[in-house]
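Visitor: Could you show me how to read a pocket and an overall fold from a set of coordinates?
Guide: Gladly; let us look together.

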Amino acid sequence: MDMAVGVVIGAAFGKIVSSLVTNVIMPPIGIMLGGADFTDFFIPLGTTTARTLADAQAQGVPVIAYGLFLNTIIEFLIVAFAIFVVIKQINRFKKPAVPVAEPHLCPFCREEVAVDARRCPHCTSEIAEQA
């Protein structure tokens, strides 16, 4: 059940990030680059000339749409950063691991024995009491 909720929330979050990149982040970057629209950055692989990606796709011209690829990379980086922040916060709330005490070892055979043992159960040597 928790996994299904996570998948649904993740899909919705992906749509939000996609909208953020397409509608909020990329337009100012495009303006800083001289009014360029990243979705129209493409390399036509055919002989016909098209001014926009939509024109090229309407004409059936094969293209390398590297502008859309840049948008996808930025979306990925935002999602990765958001997941990093969430995981970091979740780890902050986890209790630190309890340190494990050093095991008490038999001075003769070096096997682990109970702290209050007088004889080693492995080699049957007498163990001196430790203060």
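**Reading the pocket**

Guide: Two helices, α1 (2–32) and α3 (66–93), each supply at least two residues of the lining of the largest pocket; helices (H or I, at least four residues) and strands (E, at least two) are DSSP runs, numbered from the N terminus. This is a predicted model, where local features need pLDDT of at least 70, side-chain atom pairs count only at pLDDT 80 or more, and totals for chains, interfaces and linings use all residues. Residues are numbered from 1 along each chain as its sequence is written, and side-chain values use heavy atoms, without hydrogens and water.

Visitor: How is a pocket found, and which helix gives the most to the lining of the largest pocket?
Guide: Rolling a probe the size of a water molecule over the atoms shows where empty space is left. On a 1 Å grid over the protein atoms alone, a pocket is an open set of points where a 1.4 Å probe fits, with protein on both sides within 12 Å along at least five of seven lines; lining residues have an atom within 4 Å of a point. Here α3 gives the most, with six residues. Ile9, Gly10 and Phe13 are among the lining residues, as are Val79 and Ile90.

Visitor: What is the radius of gyration of the chain?
Guide: The chain runs α-β-α-β-α. Its radius of gyration is 32 Å, well over the 14 Å that the globule rule gives for 131 residues, so the chain is more spread out than a compact globule. The radius is taken over C-alpha atoms, and the rule is 2.2 Å times the number of residues to the power 0.38. Along the principal axes, the C-alpha atoms fill a box of roughly 95 × 35 × 30 Å.
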